[in-house]
Amino acid sequence: MSESPGQFSAAASAAGYLYQARLALLLCIPHLNAGSEIEVAIERFDDISFEGQGQPKELLQTKHKINRVGNLSDSSADLWKTLRIWSEAAAADPSMPSRTKLALLTTGEAPAGSAADLLRPFSVSKAKKARDPKTAAEILTSVASSSKNEALKPAFDAFLQLPERMRASLLSAIEIVDRQPLLSDLDAELENSLRLVAPPGKAGLAREMLEGWWWPRICSALTASGVQSIPIGAIEAKLDDIRDMLKRDALVANYEHAEPSPEEAAEYDEFRFVKQLRAVGIGGNRVGFAKRDYYRAFVQRSKWTRENVVLDEELEKFERLLIEEWEPRYAAMCDAHEGKEEDEAQLCADGREIYQWVETEARFPFRSLTAKFLNVGSYHILANDLRVGWHRDYKKLRVEDD
């Protein structure tokens, strides 16, 4: 038997787990500033659970369908697998439906007139009609009693084993929220939910920062001895940090610890800024450090410009500051050699002294950020354009590349 490509692909399952974790973060945001000790967990009491004092307050099942394939018909496997979980929980603890909100969030769709349609909350009901758990119970009881689907028999049995009154109570606690955003849509959903946190144009950056914090927390919670929950207050505190960092005058350094690839570092050997260093006798690790700072400054400045975090005029003003701080040092070196016999060794030594100042002392603020990599790397960007140099004759030498 031939096997089609992707026949054993785990992509859908992987997407489902990623969806679960990202959706949990999105669902946390309405709980912020609620003034209550709420915690969120994944795979603890359910796919996603909101808890208070160790007890579940809201249990959510998530069903992610790539390209929205699938629906919640009355005989839907997704619907009945969820009902089995909650029916067994209600049988074990009859008080559960009266104190816990149950929700099935799915990227699929509930057909009009189906049991799932009757369990939609009013806010998402297409016809803006009231919920009807009683009729939904009658429909689902009929399906469970008459269906010949052996795969779903355990789910049918779990539901039918509940007393009629308990079935009604269970369905009164359930909300079906269909047509939820796909995994690929969650970027936009999260950014929209963060619009009050981030300054204009920075919602994407706020989301990246929040998710960058969220994923390690989720991984740690899932791999702990006994799945742990995450306090909503911790998310709120992180958002406060992000809000402070994204103030109008604040800049976030995303590439402060980035490293160029070996291939990129090797390409830099042909760049002017590296040849400038070698022209005054700088080599070894210091050239490696220079390549690193050049890379960090270049990619950071590119990101800020691309995302309109900074304006071209701001970078030009910063570069003018760097040049003006370099100019008197360079001029002093030139004056020291004026009228004297040419001494190449001393010229190189004096050039190394100016560059050492760049390495160890030249630290000027760019808006709210004063960072070594940005200062040193920007000097290398200028040196690459021959707007600054270390050797007295750096422009005449043309560092052997023209």
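Helices (H or I, at least four residues) and strands (E, at least two) are taken here as DSSP runs, numbered from the N terminus. With that in hand, colour the chain by secondary structure: you will find 17 helices and six strands. Keep in mind as you look around that this is a predicted model.

**Whole chain.** Zoom out and show the C-alpha trace. Along the principal axes, the C-alpha atoms fill a box of roughly 105 × 60 × 45 Å. The radius of gyration of the chain is 31 Å, whereas a compact globule of 402 residues would have one near 21 Å.

**Surface and charges.** Of the 402 residues, 46% count as buried. Next, select the charged side chains: there are 52 positive and 64 negative ones, and the centres of the two sets lie 5 Å apart.

**Helix H7.** Select residues 164–173, which form helix H7, and pick out Leu-171 within that helix. Is Leu-171 buried or exposed? Leu-171 counts as buried because its relative accessible area is 0%, and the cut-off for buried is under 20%. To see the surroundings, show the residues that Leu-171 touches beyond four places away in sequence: Leu-83, Leu-119, Arg-131, Pro-133, Ala-136, Ala-137, Leu-140 and Phe-159.

**A last stop.** Finally, draw a distance from the C-alpha of Leu-171 to that of Val-280: the two are 109 residues apart in sequence and 79 Å apart in space.

Terms used:
Residues are numbered from 1 along each chain as its sequence is written. This is a predicted model: local features need pLDDT of at least 70, side-chain atom pairs count only at pLDDT 80 or more; totals for chains, interfaces and linings use all residues. Side-chain values use heavy atoms; hydrogens and water are left out. The radius of gyration is taken over C-alpha atoms; the globule rule is 2.2 Å times the number of residues to the power 0.38. Buried means under 20% relative accessible area, exposed over 50%, partly exposed in between (1.4 Å probe, protein chains only). Lys and Arg count as positive and Asp and Glu as negative; His and the chain ends are not counted. The place of a charge is taken as NZ of Lys, CZ of Arg, CG of Asp or CD of Glu. Contact means heavy atoms within 4.5 Å.
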